[in-house]
Amino acid sequence: MLIQAIIAQFPVSREIPENLAAIQAVLAQARQGDLVLLPEGGLSGYSDEPGFFNRLDEAALHSALEQLRLEAKQRAIHLWVGACYRKQGCWYNAAWGFTPDGGTLRYHKINLAI
C-alpha cells in the first residue's frame, strides 16, 4: 500500500478564517488515503504575545476543527493540524488528527501553552 504524504507550510496568521482558507486550499490537492500534515498552530495561529489566547475565538476554533474533521472524512484522508485549545481553564498547544472514518485524535504538549 502506497501512502502519499502532503506536508504543507503556509504563512500562519492569527486569524482562524484566514488559516482555514489556506488549509482548505491544501486539502483541495489531497487524494483519498493521503496523509496531510499542517503546521503547529496552523489553524488557531500561535504567538507568545501577552493576551494572544484571550483574543482567540473559541466558537470559531471549534467550528473550524469540526469542518476539518468532516472534510477529512469526506475526502477519506488522514489530517493533522495544529491548534490551541482550552481545557479546564488552561490553554494547550495541540495537534489534532482527523481520520477517514470521522474520528478525532489529539496530542498535546506536556507543557501548557502559557
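Modeller: Two strands pair if DSSP finds at least two bridges between them. Keep in mind that this is a predicted model.

Colleague: Thanks! In which sense do β2 and β3 pair, parallel or antiparallel?

Modeller: Three bridges link β2 and β3, and the cut-off is at least two. One of the residue pairs is Val-36 with its bridge partner Leu-79 in β3. The sense of the pairing of β2 with β3 is parallel.

Colleague: What order do the five strands of the open sheet have?

Modeller: The pairing in this open sheet is mixed. Its edge strands, each pairing on one side only, are β1 and β5, and the twist from one strand to the next averages 30 degrees. Reading across the sheet, the order is β1-β2-β3-β4-β5.

Colleague: Over how many bridges do β3 and β4 pair?

Modeller: Strand β3 covers residues 78-87, and β4 covers residues 90-98. The two form a hairpin with two residues between them, and Gln-88 in the turn has a positive phi of about 50 degrees. Leu-79 has Phe-98 in β4 as its bridge partner. The antiparallel pairing of β3 and β4 runs over nine bridges.

Colleague: Which residue in the turn of the β4 and β5 hairpin has a positive phi?

Modeller: β4 and β5 run antiparallel and are joined by five bridges; among the partners are Trp-96 and, in β5, Arg-106. Their hairpin has five residues between the strands. The turn residue with a positive phi, about 95 degrees, is Gly-102.

Colleague: At what angle does α2 run to β3?

Modeller: Helix α2 is placed against the sheet, where it lies across β3, β4 and β5. Its angle to β3 is about 160 degrees.

Colleague: Is Arg-69 buried or exposed?

Modeller: Arg-69 belongs to helix α2. Leaving aside neighbours within four places in sequence, Arg-69 is in contact with Phe-98, Gly-102, Gly-103 and Thr-104. Its relative accessibility is 18%, and the cut-off is under 20%. Arg-69 therefore counts as buried.

Colleague: With which residue does Glu-66 form a salt bridge?

Modeller: Both partners lie in helix α2, three residues apart, which is about one turn of the helix. Glu-66 itself is partly exposed at 35% relative accessibility. The closest N and O atoms are 2.7 Å apart, and the partner of Glu-66 is Arg-69.

Colleague: How many residues apart in sequence are the parts that Glu-49 and Arg-14 tie together?

Modeller: This pair is a salt bridge whose closest N and O atoms are 2.8 Å apart. Glu-49 is partly exposed at 30%, and Arg-14 is partly exposed at 44%. Glu-49 sits in the loop between β2 (35-37) and α2, and Arg-14 in the loop between β1 (5-7) and α1, so the separation in sequence is 35 residues.

Colleague: And what is the separation in sequence for the parts tied together by Lys-109 and Glu-40?

Modeller: In this salt bridge the closest N and O atoms are 2.6 Å apart. Lys-109 is partly exposed, at 38% relative accessibility. Since Lys-109 lies in the segment after β5 (104-108) and Glu-40 in the loop between β2 and α2, the parts are apart in sequence by 69 residues.

Colleague: Last one: how many salt bridges does the structure hold?

Modeller: They include Glu-66 with Arg-69 and Lys-109 with Glu-40. The total the structure holds is six.

Key:
Residues numbered from 1 in each chain as written. Predicted model: local features only at pLDDT ≥ 70, side-chain atom pairs only at ≥ 80, totals over all residues. Heavy atoms only, no water. Salt bridge = Lys/Arg side-chain N within 4 Å of Asp/Glu carboxyl O. Helix = DSSP H or I, 4+ residues; strand = E, 2+ residues; numbered from the N terminus. Buried < 20%, exposed > 50% of the residue type's maximum accessible area, 1.4 Å probe, protein only. Axes fitted to C-alpha atoms, helices over the stretch in contact; angles between N-to-C directions. Contact = heavy atoms within 4.5 Å.
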